Amino acid sequence: MAQLWGGRFTKETDQLVYNFNASISFDKKFYRQDIQGSMAHAKMLTKQGILSAEDGAKIQKGLEEILRDVENGTLQITEEYEDIHSFVEANLIARIGDAGKRLHTGRSRNDQVALDMKLYTREEIHEIDRELTGLLETLLNLMEEHLETYMPGFTHLQKAQPITLAHHLGAYFEMFKRDRQRLADIEKRMNLCPLGSGALAGTTYPLDRDYTAELLGFDGPTLNSMDSVSDRDYLIELLAALSTIMMHLSRFCEEIIIWNTNEYRFVEIDDAYSTGSSIMPQKKNPDIAELVRGKTGRVYGALISLLTTMKGLPLAYNKDMQEDKELTFDAMDTAKGCLALFNGMLSTIKFRKKVMETSAKNGFTNATDAADYLVNHGVPFRDAHGIIGRLVLYCIEKNCAIDDLSLSELREICPVFQEDIYEAISLKTCVEKRLTIGAPGKAAMEEAIRREKEYLAETKKRA
């Protein structure tokens with residue numbers, strides 16, 4: 001078919017070149033945004049007297065019909081068109097005649113695609129935010145349920161100090177909360193309308209760019225036409241934010257995979273989120289957690305690819321920028337899918353409370369509190385540290401926990417120990433006496449949960 005730009009050329013583009021150059025196979029994803037942008041542009045042109053009221057009305061009606069027919073399946077977006085812009089314009093002209101040829105007045109495909117991508121990205125940010133909000137709600141519910149589920153806290157994958165499952169899950173709540181904040185920050189910074197920038201130097205037509213921006217829900221127009229058509233910063237920022245989301249999901253998945261092993265047995269993953277082995281009948285594999293962990297690299301790849309694409313481009317628009325779409329679309333879809341699946345898996349996981357508590361007890365996670373006990377009874381900390389180290393070594397040789405030793409055994413190592421040592425180093429005591437905000441103690445966690453609920457309620461109200 002004839003190209004929108006065909007007048008300059010004396011022969012047809014080689015088919016292989018045409019296919020390589022075309023973007024319809026992937027930019028058809030934002031057909032709705034392209035039509036919405038065209039409707040706003042036509043409305044502005046009509047308001048400014050650049051289009052007649054009659055032509056403006058025809059264009060609006062024609063675009064509405066194209067949108068309806070694409071969405072009900074009676075009009076197919078086919079690859080005979082170079083891009084989504086060509087598809088919409090060609091179909092509009094076929095339906096309403098010469099009036100359709102006037103739609104592109106004061107507009108270039110450069111500012112048109114910049115607009116489409118911003119509109120699409122803005123909607124995707126909202127969808128990803130909804131997935132994150134759902135995950136935060138699941139985490140809050142689990143935190144409330146497990147305020148007294150004791151488990152070991154780890155450093156270097158070594159058991160360190162006793163905490164609660166609520167406290168552990170609360171760490172991920174903070175991560176995903178920051179992810180939501182990053183998305184909101186990106187949306188605020190990107191929410192300026194590029195339409196009206198033309199190919200790179202604006203236009204001689206008296207466009208009302210403020211009006212177009214208002215129609216499309218932007219905070220205002222962009223202020224430099226060259227930057228408007230060559231800016232992909234917001235996509236790089238989004239891919240960085242999605243990479244961080246995936247990193248958080250991957251870390252969580254790694255822990256679930258470890259907790260699911262026979263050696264830990266902290267969790268049992270629901271059958272709906274597990275698979276078996278084709279040869280080993282006993283297997284129940286954490287495939288969803290592993291796939292989320294694996295797909296993190298896919299999103300990282302999109303970020304690095306776009307950074308690499310953009311790093312050497314002179315102003316203003318270059319065809320290289322067409323590479324932004326497939327990368328970003330895939331990363332968006334991957335992140336949304338992983339968030340939804342992970343939330344489903346997490347909400348159905350069974351936590352083995354007794355196993356987790358026993359692991360904390362047998363891992364000497366109360367050793368620091370035993371040292372603090374001695375310090376509170378007049379033993380210098382450095383001496384207390386050495387005494388408890390010998391005590392732990394003795395327990396390892398006996399294959400028991402500190403709590404399992406008799407008072408006489410304890411006093412053989414240090415005569416300062418009294419009967420109250422058992423209460424002082426119980427998991428409940430070790431956790432409950434940590435009451436500063438952000439600590440695992442029940443009162444501190446209840447206050448943290450109250451604040452997190454307020455945060456969620458407030459942000460959902462603004463959405």
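## Salt bridges

Lys284 and Asp271 join their side chains in a salt bridge, with N and O 2.8 Å apart; the term denotes a side-chain nitrogen of Lys or Arg within 4 Å of a carboxyl oxygen of Asp or Glu. Both residues lie in the loop between strand E3 (267–268) and helix H11 (287–310), 13 residues apart. Lys284 is partly exposed at 32% relative accessible area, whereas Asp271 is exposed at 58%; buried means under 20%, exposed over 50% and partly exposed in between, with a 1.4 Å probe and protein chains only. The model is predicted: local features need pLDDT of at least 70 and side-chain atom pairs pLDDT 80 or more, while totals for chains, interfaces and linings use all residues. Residues are numbered from 1 along each chain as its sequence is written, and side-chain values use heavy atoms, without hydrogens and water.

By the salt-bridge rule, the count comes to 38. One of these pairs is Arg189 with Glu237, whose closest N and O atoms are 2.5 Å apart. Because Arg189 belongs to helix H7 (residues 165–190) and Glu237 to helix H10 (residues 233–259), the pair ties together parts 48 residues apart in sequence. Helices (H or I, at least four residues) and strands (E, at least two) are DSSP runs, numbered from the N terminus. Arg189 is partly exposed at 45%, and Glu237 is partly exposed at 25%.

In helix H19 (residues 442–462), Arg450 and Glu454 are four residues apart, about one turn of the helix. Their salt bridge has its closest N and O atoms 2.6 Å apart. Arg450 is partly exposed at 38% relative accessibility, and Glu454 is partly exposed at 47%. Elsewhere, salt bridges that share partners connect Lys29, Glu124, Glu127, Asp333 and Lys336 in one network.

## Strand pairing

Strands E1 (residues 150–155) and E2 (residues 158–164) run antiparallel and are joined by six bridges; pairing requires at least two DSSP bridges between two strands. Pro152 stands opposite Pro162 in E2. The hairpin has two residues between its strands, and His156 takes a positive phi near 55° there.

## Lining of the cavity

One cavity of 30 Å³ or more is found in the whole structure. Its lining consists of Asp34, Ser38, His85, Val88, Glu89, Leu103, Arg107 and Gln112; lining residues have an atom within 4 Å of a grid point, on a 1 Å grid over the protein atoms alone, where a 1.4 Å probe fits but cannot get out. Helix H5 gives the largest share, three residues.

Note on methods
1 Å grid on protein atoms, 1.4 Å probe; cavity = no way out; pocket = protein on both sides within 12 Å on 5 of 7 lines; lining within 4 Å. Points joined across faces, edges and corners; volume = space filled by probe spheres on them.
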